Amino acid sequence: MDAKKYAPFVDAFAEILPQLGFQAVKRGNLSLKEKLMATRDITAIVGLTKKIRGNVAYGMAEDTAKNIASIMMGGMPVENFDEMAQSAISELANMVTANAAISLENIGLETNISPPTLVVGKNITARISQVKSLMVEIITEAGSIEINIGLEI
């Protein structure tokens, strides 16, 4: 795995989250997975095309998603993972992936992204891709987020 193709997704969190009001953002565990799967309560999936092809899945617990939505909405309490909270998580996935795509383009790897798809539910497993993926945990005061990056290159 070529780190310069994966690092922009992790770096994007460190750049974007503080702009949204997050105080503490750090990298946690790192692991390789045989397939790109969605297994968390909430997973936002963004597709990648052009010179970088694949998918990025941002997974988290429902409580984490509600906490993230609350911070993104200026501290407004989020009791239910409703349409507003779902929109916030989708927008976070869009912003982080767009930031990573810009970084990839800066190193000569033209990248387009799809609109996020949100998978919501407990005890759901969705196979996104057969490619090996890199999982990086991002730890914030709202909870942890799994970035699963599956590139077909």
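## Strand S4

Which residues of S4 are buried on one side, and which on the other? In this predicted model, Gly54, Val56, Tyr58 and Met60 are buried on one side of S4, and Asn55, Ala57 and Gly59 are buried on the other. Both faces of the strand are therefore covered, and because seven of its seven residues (54-60) are buried, S4 is largely enclosed by the rest of the structure.

The neighbours of S4 in the sheet can also be named. Strand S3 (residues 42-50) runs antiparallel to S4 and is joined to it by seven bridges; within this pairing, glycine 47 has asparagine 55 as its bridge partner. Three residues lie between S3 and S4, and the two strands form a hairpin. Strand S9 (residues 143-151) is likewise antiparallel to S4, with six bridges between them. Here valine 56 is partnered with isoleucine 149 of S9.

## Salt bridges

Side chains of opposite charge can pair when their charged atoms come close. Seven salt bridges are found in the whole structure. One of them joins glutamate 34 to lysine 132, with the closest N and O atoms 3.9 Å apart. This pair links distant parts of the chain, since glutamate 34 lies in the loop between S1 and strand S2 (36-38) and lysine 132 in the loop between strand S7 (126-129) and S8, 98 residues apart. Both glutamate 34 and lysine 132 are exposed.

Lysine 122 forms a salt bridge with aspartate 41, the closest N and O atoms being 3.1 Å apart. Lysine 122 is in the loop between strand S6 (117-120) and S7, whereas aspartate 41 is in the loop between S2 and S3, 81 residues apart. Lysine 122 is exposed, with a relative accessible area of 52%, but aspartate 41 counts as buried because its value of 19% falls under the 20% cut-off. Lysine 122 also meets glutamate 62 in a salt bridge (3.7 Å, N to O). Glutamate 62 belongs to helix H2 (residues 62-72), so this pair ties together parts that are 60 residues apart in sequence. Elsewhere, a network of salt bridges links Lys33, Arg40 and Glu146.

## The largest pocket

The largest pocket holds about 160 Å³ of space. Helix H1 (3-19), strand S1 (25-33) and strand S8 (133-140) each give two or more residues to its lining, and H1 provides the largest share, five residues.

Eleven residues line this pocket, and Tyr6, Ala7, Arg27, Leu30 and Leu134 lie nearest its centre. By class, the lining consists of eight nonpolar and three charged residues, with no polar ones.

Note on methods
Residues are numbered from 1 along each chain as its sequence is written. This is a predicted model: local features need pLDDT of at least 70, side-chain atom pairs count only at pLDDT 80 or more; totals for chains, interfaces and linings use all residues. Side-chain values use heavy atoms; hydrogens and water are left out. On a 1 Å grid over the protein atoms alone, a cavity is a set of points where a 1.4 Å probe fits but cannot get out, and a pocket is an open set with protein on both sides within 12 Å along at least five of seven lines; lining residues have an atom within 4 Å of a point. Grid points are joined across faces, edges and corners, and a volume is the space filled by probe spheres set on the points. Helices (H or I, at least four residues) and strands (E, at least two) are DSSP runs, numbered from the N terminus. Ala, Val, Leu, Ile, Met, Phe, Trp, Tyr, Cys and Pro count as nonpolar, Asp, Glu, Lys and Arg as charged, and the others, Gly among them, as polar. Buried means under 20% relative accessible area, exposed over 50%, partly exposed in between (1.4 Å probe, protein chains only). Two strands pair if DSSP finds at least two bridges between them. A salt bridge is a side-chain nitrogen of Lys or Arg within 4 Å of a carboxyl oxygen of Asp or Glu.
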